[in-house]
Amino acid sequence: MDMHSGDDMPMSHGTDNSMKMHMSLYWGKDAIVLFSGWPKHSVGHYILAILFVFFLAMIAELLSNQPSIKRGTNPIVGGLTQATFFVFRISFLYLVMLAVMSFNLGVFIAAVAGHTLGFFFAKSRALALANREQHGSSLAHKV
């Protein structure tokens, strides 16, 4: 098969219907995101797929700031808690990566925006907690 850079590659599903797998970024609602036949060539399903990728990326970033394990916690329980957060975070990241591999520009923008907003929420929360702790310790020194 003679393939030129940037060409589309036909993808057979075993039926007479053939879909094209894009080999470069493109814009349009006709995409395959994560599962064959989804978002089903409709604008509503395409918007749902974009929102799904957006929230998946945002949750993955929020999970990157695991809750800190308190002193005195059983090491097994602490390790299982951190491992659970890790499993979900990595699973969500792989799903976002697979969605972006659809080469659809809308899905790519949704993934980047979700990661950005999730990073913003995670870091602003961490900064608020650090400021609260610093403010609390400065009040304790004054008394």
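Phe103 sits in the loop between α2 and α3, with helices (H or I, at least four residues) and strands (E, at least two) taken as DSSP runs numbered from the N terminus. Its phi is positive, about 65 degrees, even though Phe103 is not a glycine. Most residues other than glycine have a negative phi. At 32% relative accessibility, Phe103 counts as partly exposed; buried means under 20% relative accessible area, exposed over 50%, and partly exposed is in between (1.4 Å probe, protein chains only).

This is a predicted model, where local features need pLDDT of at least 70 and side-chain atom pairs count only at pLDDT 80 or more, while totals for chains, interfaces and linings use all residues. Residues are numbered from 1 along each chain as its sequence is written, and side-chain values use heavy atoms, with hydrogens and water left out.

**Overall fold**

- The protein chain has three helices and two strands, and along the sequence they run β-β-α-α-α.
- The protein chain has 143 residues, of which 21% count as buried.
- Among contacts (heavy atoms within 4.5 Å) between residues at least 6 apart in sequence, 54% join residues at least 24 apart.

**Nonpolar core**

- The largest nonpolar core has 18 residues; such a core is a set of buried Ala, Val, Leu, Ile, Met, Phe, Trp, Tyr and Cys residues joined through side-chain atoms within 4.5 Å.
- Val33, Val53, Phe92, Val96, Ala99 and Val107 have the most contacts inside this core.
- α1, α2 (75-100) and α3 each supply at least two residues of the core, and α1 gives the most, with eight residues.
- Leaving out residues up to four places away in sequence, Val33 touches Trp38, Pro39, Ala49, Val53, Ala99, Ser102 and Val107.

**Aromatic pairs**

- The whole structure holds three aromatic pairs; rings of Phe, Tyr and Trp (its six-membered ring) pair if their centres lie within 6.5 Å, and planes under 30 degrees apart count as stacked, over 60 as edge-to-face and the rest as tilted.
- Phe54 and Phe55 make an edge-to-face pair, because their ring centres are 5.2 Å apart and their planes stand at 80 degrees.
- Phe54 is buried at 18% relative accessible area, whereas Phe55 is partly exposed at 42%.
- Phe120 and Phe121 have ring centres 5.8 Å apart and planes at 50 degrees, so this pair is tilted.
- Phe120 counts as exposed at 51% relative accessibility, and Phe121 is partly exposed at 38%.

**Second largest pocket**

- The second largest pocket has about 240 Å³ of space; a pocket is an open set of points on a 1 Å grid over the protein atoms alone where a 1.4 Å probe fits, with protein on both sides within 12 Å along at least five of seven lines, and lining residues have an atom within 4 Å of a point.
- α1 (43-63) and α3 (105-142) are the elements giving two or more residues to its lining, and α3 gives the most, with five residues.
- Phe121 is one of the lining residues, which also include Leu62, Gln66, Phe85 and Arg125.
- The lining divides into eight nonpolar, three polar and one charged residue, where Ala, Val, Leu, Ile, Met, Phe, Trp, Tyr, Cys and Pro count as nonpolar, Asp, Glu, Lys and Arg as charged, and the others, Gly among them, as polar.

**His41**

- His41 is in the loop between β2 (18-21) and α1, and counts as partly exposed at 44% relative accessibility.
- His41 and Lys29 are 12 residues apart in sequence, with 6.1 Å from C-alpha to C-alpha.

How values were computed: Grid points are joined across faces, edges and corners, and a volume is the space filled by probe spheres set on the points.
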